[in-house]
Amino acid sequence: MRPLLSWAGWRAALARTYSPGPSAGYRGASGAQGYVRNPPVGTCDLQGELDRFGGISVRLARLDALDRLDAAAFQKGLQAAVQQWRSEGRTAVWLHIPILQSRFIAPAASLGFCFHHAESDSSTLTLWLGEGPSRLPGYASHQVGVAGAVFDESTRKILVVQDRNKLKNMWKFPGGLSEPGEDIGDTAVREVFEETGIKSEFRSLLSIRQQHTNPGAFGKSDMYIICRLKPYSFTIKFCQHECLRCEWMDLNDLAKTENTTPITSRVARLLLYGYREGFDKIDLTVEELPAVHTGLFYKLYHKELPENYKTMKGID
């Protein structure tokens with residue numbers, strides 16, 4: 001077993017790991033990210049990345065000899081670094097700790113760090129260095145569930161399921177949680193296929209439900225979105241692990257039955273209205289637009305906008 005690093009040994013390891021090259025200094029004028037420059041000899045050796053808000057991000061996974069780092073030495077080094085950053089007017093510290101180095105959480109907590117969030121392989125702690133109460137943004141507060149209302153206009157049939165593991169087996173639309181980085185429409189199409197074997201295409205967004213302190217979302221807030229989908233296959237091959245029953249039901253019957261959830265009943269009636277009066281009256285369509293962040297795009301959902309209003313041609 002290799003010996004744990006002493007404080008002096010850790011100082012040397014940190015210097016090797018975080019020492020930037022000639023061009024790695026923080027470019028404050030441009031607002032870009034970069035490494036904080038090496039401090040003067042005898043001050044602080046623990047370094048991180050300076051963000052555009054004046055905060056410091058320290059990623060322990062980048063430390064070469066992390067597996068041999070002593071917790072007491074870490075606490076001493078972190079304390080010295082925090083003092084240095086505070087004197088430089090930094091606003092906050094973001095400390096990213098890999099799960100296998102969780103022994104460093106307690107030393108950080110003793111210096112005032114608090115949990116911000118955790119993922120499958122790491123946790124992130126924060127320390128506010130600015131004046132007054134912390135102004136750091138909280139982590140994601142909502143989970144997003146998406147369901148697909150697959151409606152066959154030629155037969156006026158709608159695809160519905162009954163969940164297997166429910167106390168009350170009421171009819172509902174197939175759906176599930178959206179994956180990270182997955183568009184809403186893609187979630188609906190994927191979940192419908194996984195649960196029922198039906199292939200479909202996204203047509204529009206129909207409704208959004210927001211619910212707080214949801215037991216199914218670990219007591220957090222929950223967004224539940226229902227999309228209108230067009231079917232491209234019709235033979236049901238439902239997943240028996242998730243579903244008790246699955247069938248094509250007449251839309252009018254679904255709108256009238258009491259054996260369904262309130263949101264399913266409301267959306268069924270919304271679909272019936274759209275089917276009879278025109279889906280343009282109920283659909284929220286989607287368009288991809290460029291984000292303010294260079295190279296990124298987002299999806300915007302809204303009622304259909306006439307082309308002349310999109311271009312503002314001929315509009316006084």
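Phenylalanine 279 counts as buried, at 11% relative accessibility (buried: under 20% relative accessible area, 1.4 Å probe, protein chains only). The model is predicted: local features need pLDDT of at least 70, side-chain atom pairs count only at pLDDT 80 or more, and totals for chains, interfaces and linings use all residues. Residues are numbered from 1 along each chain as its sequence is written, and side-chain values use heavy atoms, without hydrogens and water.

Phenylalanine 279 pairs with phenylalanine 151 (ring centres within 6.5 Å; edge-to-face if the planes are over 60 degrees apart, stacked if under 30, tilted otherwise). The pair is edge-to-face, at 6.3 Å centre to centre and 70° between the planes. Phenylalanine 151 lies in strand 7 and phenylalanine 279 in the loop between helix 6 and strand 13 (285-290), so parts 128 residues apart in sequence are tied together. Phenylalanine 151 is also buried, at 4%. Ring pairs join Phe151, Tyr275 and Phe279 in a cluster. The charged end of arginine 228 sits over the ring of phenylalanine 279, 3.9 Å from its centre (CZ of Arg or NZ of Lys within 6 Å of the ring centre and within 35 degrees of the ring normal).

The structure holds five aromatic pairs. One of them, phenylalanine 74 with phenylalanine 104, is tilted: 4.7 Å centre to centre, 35° between the planes. Phenylalanine 74 belongs to helix 2 (residues 71-87), and phenylalanine 104 to the loop between strand 4 (92-98) and helix 3 (105-110). Helices (H or I, at least four residues) and strands (E, at least two) are DSSP runs, numbered from the N terminus. Phenylalanine 74 is buried, at 0% relative accessibility. Phenylalanine 104 is buried, at 0%.

Terms used: Phe/Tyr/Trp six-rings, centres within 6.5 Å; stacked < 30°, edge-to-face > 60°. Buried < 20%, exposed > 50% of the residue type's maximum accessible area, 1.4 Å probe, protein only.
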